[in-house]
Amino acid sequence: MYNNQRNIPVNATWSQTGVTVAGGNHQGKETHQLYHPHGLFVDDEQTVYIADYTNDRIIKWELGATSGQVVAGGNGYGDQNHQLSQPSDVIVDKETNSLIICDTGNRRVVRWPSQCGKNGETLISNVFCTGLTMDNEGSLYVADTGLNQILKYRRGATQADRIAYIYEEQNYLDKLWNSSSLFVDREHSVYISDPSNHRVLKCKHGAKQEILVTGGEGGGSLWELYSPRGIVVDQSETIYVADELNNRIMRWPKEAKQGSVIIGGNGKGDSLNQLNYPIGLSFDRYGNLYVVDSDNSRVQRFDIEVR
């Protein structure tokens, strides 16, 4: 069963110099290249699955490999069952041994066999998916940017529960714009990145309204975020955020008034201590941090130093 909530020590630190584990060979469509990658999934063997957005494919990159393997799509831009169109996120469903993919350009969520699959099947249609995650019971959570809502599909269900929704009034807290990344914890509370409003929201399990947990103002101070994207929450409810337009990764302890920069923050660039529009974020089982460094067309691993 899928479980992505890690036990990260409160005093953990990471190397400030990243190791390129995928891509980093300029933008391109060859299997040693990426082109505006978005979301990622890291499995227990440190294999990385990447939503290679502009290449219309999911590419799998094993630990130590110099090139990846296309495991979904990669057959040109299109809406046939062997094609993807601008995939923005991917997770591995261990229960069904398959990939679940935000096929954003086709406004659908698809399932693709994780081993030697040549075709996918549509799980959800007419949904402008930009982010997804799965809880420990196999329920799938989808960020539907088209209708500004977060949907929950219980395993095997064809109808969704709406757990967050946009109202027309401008001042309501639960007005989400362009929500792009989701994280669900063990209590089934959902964390939502809201890049256009520069904040992260939390929807507690069973609650009727979201609460603001980080950000809320665009900027570069330690209490601000500027277009947050990928989010991860550890077992102590510390939030880790890919602060895209500030080119940094932030850590935000529970109930803290401000965060701290743990990676990047050294200006936009392609040096190993810099980021250029970080989007995706994940930990492996050892606590190493993986960042999709989108405009550098690479995935960087920052090794944990203090455990």
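Modeller: What follows is a series of questions and answers about a predicted model.

Biologist: Why is Lys 202 called buried?

Modeller: Buried means under 20% relative accessible area. Lys 202 has 9% relative accessibility, and therefore counts as buried. Its place is in strand β17, which covers residues 199-203.

Biologist: What makes the pair Lys 202 and Glu 237 a polar contact?

Modeller: The limit for such a pair of N or O atoms is 3.5 Å. The side chains of Lys 202 and Glu 237 are joined at 3.3 Å, so the pair is within that limit and is called a polar contact.

Biologist: Which residues does Lys 202 touch, not counting those up to four places away in sequence?

Modeller: Lys 202 touches Ser 189, Val 190, Tyr 191, Glu 210, Ile 211, Val 213 and Glu 237.

Biologist: How do you know that Gln 46 is buried?

Modeller: The relative accessible area of Gln 46 is 14%, and the cut-off is under 20%, so Gln 46 is buried. Gln 46 is found in the loop between β3 and β4 (48-52). Its phi is near 65 degrees, a positive value in a residue other than glycine.

Biologist: What makes Asn 148 count as buried?

Modeller: With 13% relative accessibility against a cut-off of under 20%, Asn 148 counts as buried. Asn 148 belongs to the loop between β12 (140-144) and β13 (149-153). Here too phi is positive in a residue other than glycine, with a value near 50 degrees.

Biologist: What is the volume of the largest pocket, and which residues are closest to its centre?

Modeller: The volume of the largest pocket is about 540 Å³. Its lining consists of 36 residues, and Leu 40, Asp 89, Leu 132, Leu 182 and Leu 281 are the closest to the centre. Two or more lining residues come from each of β3 (37-42), β7 (87-93), β11 (129-134), β15 (181-184), β19 (228-233) and β23 (278-283). By kind, the lining of this pocket has 16 nonpolar, 14 polar and 6 charged residues.

Biologist: Which residues does the annotation "repeat: NHL" cover?

Modeller: According to the unreviewed UniProt entry, the annotation covers residues 28-64 and 268-305. In the model, residues 28-64 are 0% helix and 43% strand, and their end C-alpha atoms lie 20 Å apart. Residues 268-305 are 0% helix and 47% strand, with the end C-alpha atoms 24 Å apart.

Note on methods: Residues numbered from 1 in each chain as written. Predicted model: local features only at pLDDT ≥ 70, side-chain atom pairs only at ≥ 80, totals over all residues. Heavy atoms only, no water. Helix = DSSP H or I, 4+ residues; strand = E, 2+ residues; numbered from the N terminus. Buried < 20%, exposed > 50% of the residue type's maximum accessible area, 1.4 Å probe, protein only. Polar contact = N/O pair within 3.5 Å; in protein donor to acceptor, adjacent residues only side chain to side chain. Contact = heavy atoms within 4.5 Å. UniProt positions renumbered as here; feature names shortened; annotations may be inferred. 1 Å grid on protein atoms, 1.4 Å probe; cavity = no way out; pocket = protein on both sides within 12 Å on 5 of 7 lines; lining within 4 Å. Points joined across faces, edges and corners; volume = space filled by probe spheres on them. Nonpolar A, V, L, I, M, F, W, Y, C, P; charged D, E, K, R; others polar.
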